Amino acid sequence: MTTALPRQTRTRPELPTAADTAPRVDSLTGMRFLAAFAVFVHHFTGLSAQGGVAHAPLLFPYSTLGANGVGFFFVLSGFLLTWGHRPGTLARLFYWRRFGRIWPAHLVATLPCIWVFYLWAGVPTDAFSFVASLLLVQTWFPGVVPMFPGNGVAWTLSVEAFFYLLFPFAIRGALRLRTRTLALLAAAGLVAMWLLKWWTATHLSPFATEWIMRNPVSRLPEFGVGMVCALALRRGHRFRIGPAAVLACLAAYAVLYFHRTAWFGPYIADQLAWTLRPFAALFSVLFIVAYVQRELTGHRGWLCSRPMVLLGLWSYAFYLLHQTLNRLILDTWGRPQPGNSAVFTLLGVAVTVVVLSWALFTYVEEPARKWCARRTPRRWSGKSASSEAS
């Protein structure tokens with residue numbers, strides 16, 4: 001059973017030394033699957049009755065909020081990397097570990113996309129765009145073809161890759177700042193996301209707006225919020241908030257968001273639309289903090305159960321594979337008439353993706369991670385050259 005970390009009284013507290021580790025939080029692993037499943041539901045039901053694989057009025061339009069599962073992953077990534085950070089870790093060791101964890105499974109999951117999307121479905125692309133997707137830099141450049149080349153869902157990995165590149169330097173700077181200063185910077189980042197969305201939506205084309213809002217730089221505040229909350233918890237700060245309260249606030253916000261055009265004028269409705277991503281990041285970090293605090297006090301709920309932890313371990317593979325299977329089903333059988341029976345189809349497809357995800361995790365993702373771990377140069381694991389530490 002884990003216990004709460006003791007409060008620290010120093011004016012400018014630091015993370016524990018490299019000899020100390022933050023306790024593992026299994027509920028966050030289970031939560032990863034819920035976020036991946038939310039993205040899957042969004043893609044399956046689509047943005048309208050004419051979109052997705054099969055439209056289920058029972059789930060729509062609330063299923064579209066599942067698109068913000070990627071924002072949750074960005075927040076969680078910032079949190080987990082900071083939560084598990086050990087001062088003295090070399091930047092190149094961090095990059096090598098991230099490579100072993102992310103890229104091999106991405107490469108294997110891209111292979112069926114070549115057939116499903118580009119050979120069978122005939123989706124237009126070009127060599128530059130496809131190679132950019134393999135190297136996970138596709139969101140760094142405008143004009144890739146299509147907007148989501150390669151394995152389309154891997155655009156989020158391109159955002160993650162940019163953050164990984166910056167993390168060893170970002171954490172070094174964050175450790176020097178007071179928690180209050182970091183909180184103000186995190187809040188300013190979310191406000192900047194809203195202002196950027198407002199400006200692009202009113203001054204640029206929808207295509208340009210979409211690219212800018214998926215560019216890694218515009219998503220950095222989501223990672224930053226996760227980093228700040230992880231540092232705050234590791235420094236002993238605690239917040240009076242529970243999962244039930246966060247869920248109630250999220251439900252109220254969802255109702256308000258989807259009735260905005262009927263309940264408010266155009267200006268307020270637009271502002272609510274433009275603040276969706278910052279609010280999604282806020283709700284994400286509140287859920288994370290609430291569950292971490294519960295688990296640190298010894299309360300292990302259903303998210304910590306073995307099935308949910310396993311699904312969480314397979315969630316990365318689930319995310320990589322789900323849209324490829326969706327497209328294969330759509331191109332093979334076509335889109336049926338909207339109906340709530342689509343929920344049963346959705347669950348059946350989800351089970352199929354889970355099985356495929358287990359296989360990808362078991363035979364590719366985990367062996368690749370272990371292979372890279374075994375081949376890590378010993379000198380990278382030592383406490384060398386503090387100037388190189390992440």
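Modeller: There are eight salt bridges in this structure, which is a predicted model. One of them joins R300 and D26, with N and O 2.9 Å apart. R300 belongs to the loop between α12 (276–296) and α13 (306–313), while D26 is in helix α1 (residues 26–45), so this contact ties together parts 274 residues apart in sequence.

A second bridge pairs E365 with R101, and here the closest N and O atoms are 2.6 Å apart. This pair also links distant parts of the chain, since E365 is in helix α15 (residues 342–374) and R101 is in helix α3 (residues 91–120), 264 residues away. E365 is buried, its relative accessible area being 3%. R101 is buried as well, at 18%, because the cut-off for buried is under 20%.

The bridge between R214 and E210 has an N to O distance of 1.9 Å. Both residues lie within helix α7 (residues 206–214), four residues apart, or about one turn of the helix. R214 has a relative accessible area of 17% and is therefore buried; E210, at 24%, is partly exposed. Some salt bridges share partners, and in this way R24, D26, E295 and R300 are joined into one network.

Note on methods. Residues are numbered from 1 along each chain as its sequence is written. This is a predicted model: local features need pLDDT of at least 70, side-chain atom pairs count only at pLDDT 80 or more; totals for chains, interfaces and linings use all residues. Side-chain values use heavy atoms; hydrogens and water are left out. A salt bridge is a side-chain nitrogen of Lys or Arg within 4 Å of a carboxyl oxygen of Asp or Glu. Helices (H or I, at least four residues) and strands (E, at least two) are DSSP runs, numbered from the N terminus. Buried means under 20% relative accessible area, exposed over 50%, partly exposed in between (1.4 Å probe, protein chains only).
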